[in-house]
Amino acid sequence: MKNWAGNLEFHPKSILTPTSTESAQALVKAHLSANKNIRMRGSAHSWTGLIATKESFLHLDEMQGLMEVDASTQLIKAKAGTKLSLFGEEAFKHNLALPNQGDINHQSLAGAMSTGTHGTGVTLQSMSNQIKNLTLIAGTGEILNIDGNKNPELLNAVGVSFGSVGLMTEATLKMIPAYKLKVETFAEDMKTSLEKFKSRLKDNRHLEMFYFPVGDWSIVKMMNVTEEKESPQSKFQKVSELVLENWLYEGLNILAHKTNSYRGPDKFMRKFVDHKVFVNWSHRAFPSARTVRFMEMEFNLPIEKFEEVFEELKASIKKNNFQTLFPIEIRFVKGDELWLSPAYKRDSVYFAIHTYIQQDFRPYFEEMQNIFKRHGGRPHWGKWHSLKHDDLAAVYPKWQEFKQVRSELDPKGLWLNEHLRSLFDKPEA
Ligand SMILES: Cc1cc2nc3c(=O)[nH]c(=O)nc-3n(C[C@H](O)[C@H](O)[C@H](O)COP(=O)(O)OP(=O)(O)OC[C@H]3O[C@@H](n4cnc5c(N)ncnc54)[C@H](O)[C@@H]3O)c2cc1C
């Protein structure tokens, strides 16, 4: 069994594929009686060891689709295994959409929500904040219906909990009326991006910057709601996007990696970035094709720290001569109340560090991680990091309270694996 990037490989004893909340509960109860553990996956798009297990491995691929749609409240109840791609298209049939999304849509609802998956937009929260109600099979075997109106504290506690308290089987999400986005991307020197970022942040619903450290340039992406007509999406355009943005990119990465020469390919790459504008419905505009495999680490910091931290990252990359054709992705997200959300109680900037999958990512990631740690950074739960219990307790104000809730809902540690224990178990002195 491998995750999307292939950096994680493990061999579960058995695969569980429940088709309903009740059948999942029966499996949970059987495991509790036999003192056995379960880990669950969504679409295995995380880099960390969250889903790894040698014991039972569960997924909800057989539990997909919408269950109820209430047009008046704009609430959709869906099975938690529903892939975001399917969810987006099905919601669109009811003229509804998520207010924000990340840059792919292959994840499952439960998997994306459980790690605080986010897009970009300083007025918009992570996707986990759309959950208003969820059905969870706790580690006690009990089916819990957690209603955000009746028990907001519990929903805040478990809203981002990466499958450490229970199996999410159904979720009710707050939607908004379907909308189109005008997406604009172009390349420029990073100096210009930095000069303009404050005004762009104010003027655009979504702002994202991809910083390419080798040549000190960036791709800027801005998205705004529009009433304009959808752009024609010919098959040829889609194929050329795949070839240019993925296959050519992969070729350049292989070349740079093999020859250990990054300047030429980086310059070549910049030349290929057109000024592109297109319009599409939001659920089709957010995701991009990502066929080139890479490693990723992403940290959340208070938004006020953006420039200071960016300058430190840049200086460290230069000093250590870290080379990669992959960008540092910079996104902005509104703060929230979910206890383990990286954006807990702070408007945030996210820095995502990437390398091509064949590169040795560790020296680069570890150095960047040290900088993030010094500034109170919180890691994306699904992306590589090496923070452990004490590091996390220092940056999550509700860490101890969460642990208390976790042990009440999963007293036998049914849902724990090695990775989760390294997060939740305080090392002995
Ligand atoms: C190419 C690529 C692009 C990405 N882009 C973004 C992005 O733009 N923004 C962003 O924030 N992240 C992004 N990610 C990260 C990704 O969104 C998260 O890692 C997400 O958690 C993966 O969802 P998944 O369905 O694959 O879940 P998995 O990776 O399979 O699982 C994630 C966590 O959810 C838990 N889980 C899964 N199902 C359930 C369930 N039913 N009940 C309880 N817990 C469950 C798992 O046990 C695990 O702890 C990207 C990842 C990739 C590979």
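Buried means under 20% relative accessible area, exposed over 50%, and partly exposed in between, using a 1.4 Å probe and protein chains only. The model here is predicted, with local features needing pLDDT of at least 70 and side-chain atom pairs counting only at pLDDT 80 or more, while totals for chains, interfaces and linings use all residues. Residues are numbered from 1 along each chain as its sequence is written, and side-chain values use heavy atoms, with hydrogens and water left out.

**View 1. The shell around the ligand.** The ligand has 35 residues around it, and M40, G42, S46, T115 and R331 are the closest; a residue is near if one of its heavy atoms lies within 4 Å. Sorted by class, that shell holds 14 nonpolar, 16 polar and five charged residues. Here Ala, Val, Leu, Ile, Met, Phe, Trp, Tyr, Cys and Pro count as nonpolar, Asp, Glu, Lys and Arg as charged, and the others, Gly among them, as polar.

**View 2. N and O atoms facing the ligand.** A backbone N or O atom of G42 sits 2.6 Å from a ligand oxygen. For R331, an N or O atom in the side chain is 2.8 Å from an oxygen atom of the ligand. On its own the ligand exposes 970 Å², and the protein buries 99% of that (areas by the Shrake-Rupley method with a 1.4 Å probe). Strand 2 (38–41), helix 3 (109–114) and strand 9 (166–174) are the elements giving two or more residues to the shell. Helix 3 gives the most, with four residues. Helices (H or I, at least four residues) and strands (E, at least two) are DSSP runs, numbered from the N terminus.

**View 3. D189 and R270.** These two form a salt bridge, with the closest N and O atoms 2.9 Å apart; the term means a side-chain nitrogen of Lys or Arg within 4 Å of a carboxyl oxygen of Asp or Glu. D189 belongs to strand 11 (residues 180–189) and R270 to helix 7 (residues 263–272), so the pair ties together parts 81 residues apart in sequence. D189 is partly exposed at 40% relative accessibility, and R270 is partly exposed at 28%.

**View 4. K426 and D390.** Here the closest N and O atoms of the salt bridge are 3.2 Å apart. K426 comes in the segment after helix 13 (418–424) and D390 in helix 11 (residues 389–395), 36 residues apart. K426 is exposed, at 53%, whereas D390 is partly exposed, at 40%.

**View 5. R406 and D410.** Their side chains meet in a salt bridge, 2.9 Å from N to O. R406 is buried at 7% relative accessible area, and D410 is buried at 0%.

Note on methods
Polar contact = N/O pair within 3.5 Å; in protein donor to acceptor, adjacent residues only side chain to side chain.
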